[in-house]
Amino acid sequence: MKQGILCFLTALLLASCGAEKDSKGISEDTIQSLLSEVKAPDKELLERGVRQTAALWTEEDGSEEEFTEFVKENFASDAQAKEVLFNKLSKATEIINGAYNQLVLDLQKPTTLSGEEPENIDYIFGEYNPYNHLSDDMYHNKVAFITMLNFPFYTLAEKNEKGKNWTRKEWAYARMGDLFTSRVPAEVNKAGSKALADAENYVASYNIMMGHVLTDDGKRLFPEDMCLLSHWNLRDEIKSNYADVPNAHEKQEIIYKILERIVTQEIPKKVVNNAEYDWAPYSNKTWKGGKEENLEAEGAERYQRILDIFHATQLADPYYPNMPTGIMRYFDGTTEVSAEEIEKMFVEFISSEEVKKVGKMIRERLGRDLRPYDIWYDGFKSRAALSEDMLTAQTRKLYPTPEAFEKRMPTMLQNLGFSKERAEFIADKISVEGARGSGHAAGTMGKGYNSFLRTRIGSEGMDYKGYNIAVHEFGHNVEQTIDIYDIDYYALAGVPNTAFTETLAFIFQKRDLKLLGYKSAIDNNTTLDIFWGMYEIMGVSLVDMYTWRWLYENPKATAEELKENCIRIAKEVWNKYYEPVLGTHDSVILAVYSHMVNVPMYLPNYPYGHIVEYQIEEHLSKLPAPEDIGEEIDRIWRIGRLTPNAWMNEAVGSDVSTKPILNAVKRIVEK
């Protein structure tokens, strides 16, 4: 996952929203006078810029006369002047973004990297975000007004329609218009930063000491030193037990019970990140030093974190009159795909007959009835036939430290078909650090800075689970590097939305064995693996989306009420779309993802990313040498931050759609 706090804050509180409103301070007469007096090659563009600037101009910014003078002095009336202004704004934006982003990453190191336990002062600095005051500053010094006057905002519908005929420069001009479309006070942004930082710290330390987990008859199923972060490592431990290992099914069952206890908050609070207690998840009993103790349940702390972020988001709502909810800002504004379109796409997919047929295939492979945790079935990978212990032995030898992983990155990239020179260029822009949590990719936002791959490495070296996650994050870093260093216009740096960086991360993760030296073909099993992963994460995403919808319908809810209704929503989605395939009534498993706690509404990026991933994989499979994908990755991810369908059409020649993978799976299951 990309670095959660910064991405979500940008998306939810500082996102473009197209909030145009009638000017309260600037009269229509003044606007009409300017439109007739100011020379402009494109009068429609002038009017758009003047009206958008007037809509956000306040008495503090100046009088009507001062507004008139401002427009006349700062409107670039010819193409050359506009290009000069654009280049200067681009350079300044990159300088600010690069420096601020690096400052945030450096201040968060004590709380995000492995090492000494953070002190209170570390958490305080970790909550600091220099972006909080940036918007205010840019309005006060009039940079925001100069930008919107000359590079006005286009709605998503306009981008999708007009963008079909835009040049790269015109796209870049339109993206410059996304920078300033609202005025959110610094104190509101600060509240969002704190809520998100608190949730991030809560999630990063949510470890379960598996060596202290007992069956009801007192048996220990896991190594004494095994420590698994929720939900990521717990999920991956379930996945690893689809291989032929001792007590595999019993381990999966007890982890499933742990996950249930986390969702319902029945988990004893003191067993989290604490090796002092033994815990039997089935009976929920605990012991310290062999003596049974009754511990207090966690209660609703998980849901309080979600509620805190929701309340911080509410503070920003009044400043977005055309997009007055965080839901609208995140989907329509940042993701540039509406929540309704996402929901429709997901529901159609998880309701398909292909899901039921693949579920039947899995049941036959396992030789048992399916269980809720089989949403993480991992048997469609060639890795499933390999012992994880063997793979872990190999990864620990190769990657005893973060430095060892960093040193081998050029070789990994060459294994994917990048030239030696290109592989070294990209790898040189990525630094690897040990993570306190599961790890993440923290991207650069300006040339001259590196991206960071933060990965969890134990005292004995990197185990296979950690390696698999690290390869995923490595994919993010490659995208982040290409999309800063190789994009023709800084305004187009990046991808359409987070799903498109998840796509490259998935493509890398699917080839983790290839990067270890094994043959790794992208075949029918790969298609089925992507398909089943989409089925799993779409339900999780719907629970997240429906929970936020409920919050806006019940803005005064308590944490206990949120918990009750989040669990209710998870059960309803499960019973409608998952029970018919996997069985078990009222499972709560879809509400276990930690993303719901620290990066709300991020989850839909994963299945949307899988949809994009399959279309890209299908395209890559048709290359003359499909195992060598480096050059094509370079081409595709240099497209930059167009809208999703515009990007996809340039990449593979079609809109974003689930039809290709549904059709492919239909062909596979019919065989």
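In this predicted model, helix H17 (residues 339–350) packs with helix H28 (residues 605–620), the two axes lying 11 Å apart at an angle of about 70 degrees. Since angles of 65 to 115 degrees count as roughly perpendicular, H17 is therefore roughly perpendicular to H28. The crossing in which H17 passes H28 is left-handed. On the H17 side, the contact is made by Ile 342, Met 345 and Phe 346, which meet Pro 607, Tyr 608 and Ile 611 of H28.

A look at helix H2 (residues 28–37) comes next. Its buried residues are Thr 30, Ile 31, Leu 34 and Leu 35. Viewed down the axis of H2, these buried residues fall within an arc of 135 degrees, so they line one face of the helix. The buried residues of H2 pack against two helices, H3 (43–56) and H4 (64–74), while the exposed residues Asp 29 and Ser 36 sit on the face of H2 turned away from its buried side.

Helix H13 (residues 232–240) is mostly covered, with eight of its nine residues buried. Readers may like to trace them in the structure: the buried residues of H13 are Trp 232, Asn 233, Leu 234, Arg 235, Asp 236, Glu 237, Ile 238 and Ser 240. Among these buried residues, Arg 235, Asp 236 and Glu 237 count as charged.

Terms used. Residues are numbered from 1 along each chain as its sequence is written. This is a predicted model: local features need pLDDT of at least 70, side-chain atom pairs count only at pLDDT 80 or more; totals for chains, interfaces and linings use all residues. Side-chain values use heavy atoms; hydrogens and water are left out. Buried means under 20% relative accessible area, exposed over 50%, partly exposed in between (1.4 Å probe, protein chains only). Helices (H or I, at least four residues) and strands (E, at least two) are DSSP runs, numbered from the N terminus. The arc is that of the directions from the helix axis to the C-beta atoms. Contact means heavy atoms within 4.5 Å. Axes are lines fitted to C-alpha atoms, for helices over the stretch in contact, and angles run from 0 to 180 degrees between N-to-C directions. Angles under 35 degrees count as roughly parallel, over 145 as roughly antiparallel, 65 to 115 as roughly perpendicular and the rest as oblique. A crossing is left-handed if the near helix is turned anticlockwise from the far one by less than a right angle, and right-handed if clockwise.
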